[in-house]
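The structure comes first, then the description.

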Amino acid sequence: MAHAEPVTPPQLSAPPRRSGRRSSVRSWRRSDQLIWLLAWLAGTGLCVAVAAIVTFLAAKGISDLNPTLLVTRPSVSLDQSHSGGFLDPLIGTLTMAVIGTLIATPIAVLSAFWVVEYGRPRWLAGIVETSIEMVAGTPDIVFAIFGLALFQLGFFAPLSFRASGGGVYGRSFIAAGIMMSLLALPLTYTATRNGLRATPRQLREASVALGKTRIATIRRVLLPNVRSDIATGATLGMGRIIGSTAIVVLLLGATLQNNSQGNVPLLGFLRGTGSTLTSYIFENSPSGEGNAPQKAYAAAFVLLLLVLALNGLVARISRVGAAGAVNAGRLSL
Amino acid sequence: MLDRLRRPWSDDRAERTLGAIACLAAIAIALMVVFVAQRAWPTFQREGLSWLGSGGNVDSQLGSMAFNTSAHPAASAYHLRAWPLIYGTLLTSGFAVIFGLAISLLTAIFVVDLAPPVLRRAMTPVIRLLASVPSVIYGLIGILVLVPFVGNDLITSGQKESVVNVIQLTGAGLLVSVAILTLMITPIMTALTIEALASVPRSWHEGAVALGLNPLRATIAVSLRAIRPAIVAATALAAARAIGEAIVIDMVSGGKAFTPKPWDGLIFIYEPLRSLASTIIDQGENLTEPAIRSSIYAFALLLMFSGFMLSVASRLIRRPLRKYELSS
């Protein structure tokens with residue numbers, strides 16, 4: 001047998017140079033290059049847009065904002081320099097955030113505990129999950145109009161503002177706050193549920209092995225462990241609440257000043273109508289009744305600072321929480 | 001009483017109590033459906049489903065309702081054809097969701113794969129912040145910056161004169177509405193997509209690269225494919241936000257129930273419109289008149305129903321896509 005030709009190894013082209021990822025883009029397919037280009041455009045475009053918006057609002061806000069605006073009440077005037085500040089809307093925003101969060105957080109947390117830790121019967125847990133998903137997908141304008149129908153009932157009359165003739169408007173801080181809590185509910189629920197699901201099984205097993213009941217496990221072991229998730233969810237919910245305009249316009253009245261109903265100090269305020277920063281911005285934009293753009297810019301800047309503060313809080317809570325809790329918890333929007 | 005509460009609860013009692021509280025959300029949804037449907041009933045009773053159709057001018061129909069102040073209006077008082085409003089809602093939110101989806105996917109790829117590390121670390125919190133900016137702020141920028149810009153610089157006087165007998169082109173209209181809505185929903189979708197991409201194991205991506213794909217193609221073929229359920233969920237959420245956004249559309253859409261027509265040429269994108277949600281805000285003061293109230297609640301019923309449909313559709317689409325054990 002003739003001796004076989006030695007098999008020549010296939011000619012290797014020069015080994016690919018390791019020259020970093022970006023320079024290799026040239027060798028990609030055309031379509032990939034196009035996507036690469038579009039992704040860069042989208043990313044940098046977003047950065048530019050963000051920078052533009054923030055600088056613009058900051059420039060407008062700082063030039064139009066003076067500290068007296070924060071502590072003077074709004075008043076009726078055609079001239080922007082005499083129409084007062086936005087003390088009342090600021091108080092309104094904070095009140096809304098507090099009421100909404102106070103109502104939403106316990107309900108959301110307890111619901112999450114029930115669904116994850118008990119969840120029987122299964123069909124009921126499924127209904128609860130679906131309902132909360134539906135709440136998340138319902139526009140706030142629908143909550144507003146639903147609240148109007150609900151609180152105009154005679155049964156709820158004591159909770160809301162009354163016209164001088166005795167007619168029930170169904171508008172008050174309480175009514176708006178209850179509807180606002182529906183905005184925060186899904187966010188807090190989802191955060192708590194994800195935290196619970198990320199909690200290792202062994203934690204529960206260890207607690208049960210020590211003779212604790214399930215509810216004791218929830219209170220003493222799981223609740224401390226998901227505390228940061230709850231705080232994150234509640235803060236996100238608060239952000240959603242202070243950003244809602246439709247509920248304020250329809251259910252709080254978006255009046256110029258906060259009007260108390262009755263003479264009881266706190267209760268009267270809560271039963272009265274009022275406004276928040278969002279409705280103040282809306283009313284002072286050219287499409288509203290006030291049309292005072294400078295005031296609107298200043299209020300928008302304050303609102304943006306509030307949102308910024310809440311966001312910082314969320315980041316801080318989840319950082320601290322991630323260090324303390326026994327889970328692989330992650331932020332949920 | 002307090003003492004009883006302080007004592008350790010039995011498991012049975014805790015389970016029942018927590019279960020009852022968990023049902024509150026379901027009760028709220030049920031109440032909402034009942035109340036809104038009951039208030040909307042007179043409209044559907046008298047108008048039937050042709051209410052959803054087109055015909056006549058919605059603005060003047062609503063206007064004549066506002067003047068009819070009798071407590072028991074005749075059936076004819078309920079006459080309304082809501083199509084222009086439905087069309088306005090679908091048009092603005094449809095465009096916004098399409099643009100938002102494209103931009104958010106590209107941005108997410110950029111942040112996760114392409115951006116230099118400094119930019120990547122900076123962008124995630126910024127997008128999160130943008131997602132939580134109140135929509136009214138976007139609306140304010142729209143009405144004070146974009147509307148004058150479009151009205152004065154983009155629309156020529158020739159274009160304005162060509163339609164002067166039908167509508168006024170002020171700048172507020174389809175273009176600005178879609179732009180502002182897109183600006184509003186894109187960060188939400190981007191943040192959710194980035195979060196989902198981050199949950200894809202890095203080794204999957206590395207495996208695809210080792211098989212010869214370039215890094216970008218690997219992201220598209222493996223990571224994006226794996227997070228399809230999350231993308232669907234994010235899109236449904238964004239669509240719900242866009243459909244229900246009342247204030248922003250009220251500010252920048254021109255507030256006229258006109259139906260922008262694509263065959264009008266370039267003017268199409270400048271034509272004013274109004275959506276269902278912004279009509280509710282507009283007519284919020286007139287809720288004492290029975291006919292108008294019923295129509296408004298019918299709008300709300302439609303919005304609520306579309307919200308439910310979106311979440312149901314997103315569930316149905318997600319189920320077969322959820323092949324990989326990723327939480328989403």
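How many residues of chain A are in contact with how many residues of chain B?

## Basis of the model

This is a predicted model: local features need pLDDT of at least 70, side-chain atom pairs count only at pLDDT 80 or more, and totals for chains, interfaces and linings use all residues. Residues are numbered from 1 along each chain as its sequence is written, while chains are lettered from A and ligands numbered from 1 in the order in which they are written.

## Interface of chains A and B

On the chain A side 68 residues are in contact with 73 residues of chain B, two residues being in contact if their C-beta atoms, placed from the backbone, lie within 7 Å. Helix H2 (residues 30-64) of chain A gives the largest share of the chain A side, with twelve residues. That side has 50 nonpolar, 13 polar and five charged residues. Here Ala, Val, Leu, Ile, Met, Phe, Trp, Tyr, Cys and Pro count as nonpolar, Asp, Glu, Lys and Arg as charged, and the others, Gly among them, as polar.

## Helix pair H6(A) and H14(B)

The axes of helix H6 (residues 140-151) of chain A and helix H14 (residues 290-321) of chain B come within 9 Å and cross at roughly 135 degrees. Axes are lines fitted to C-alpha atoms, for helices over the stretch in contact, and angles run from 0 to 180 degrees between N-to-C directions. H6(A) and H14(B) are therefore oblique to each other; angles under 35 degrees count as roughly parallel, over 145 as roughly antiparallel, 65 to 115 as roughly perpendicular and the rest as oblique.

From H6(A) the contact takes Ile141(A), Val142(A) and Ile145(A), and from H14(B) it takes Ile296(B), Tyr297(B), Ala300(B), Leu303(B) and Met304(B). By class these residues are eight nonpolar, no polar and no charged.

## Fold of chain B

Chain B has 14 helices and zero strands; helices (H or I, at least four residues) and strands (E, at least two) are DSSP runs, numbered from the N terminus. The C-alpha trace of chain B spans about 70 × 70 × 35 Å along its principal axes.

Of the 328 residues in chain B, 52% are buried (20 or more other C-beta atoms within 10 Å of the residue's own, with C-beta atoms placed from the backbone). Among contacts in chain B with a separation of 6 or more, 81% join residues 24 or more positions apart.

## Domains of chain B

The domain assignment of chain B gives domain 1 (1-41) and domain 2 (92-321), with bounds from an automatic or database domain assignment. Five residues from domain 1 of chain B and seven residues from domain 2 of chain B make the contact. The C-alpha centres of these two domains lie 35 Å apart.

Conventions:
A residue is buried if 20 or more other C-beta atoms lie within 10 Å of its own, exposed if 12 or fewer, and partly exposed in between; C-beta atoms are placed from the backbone.
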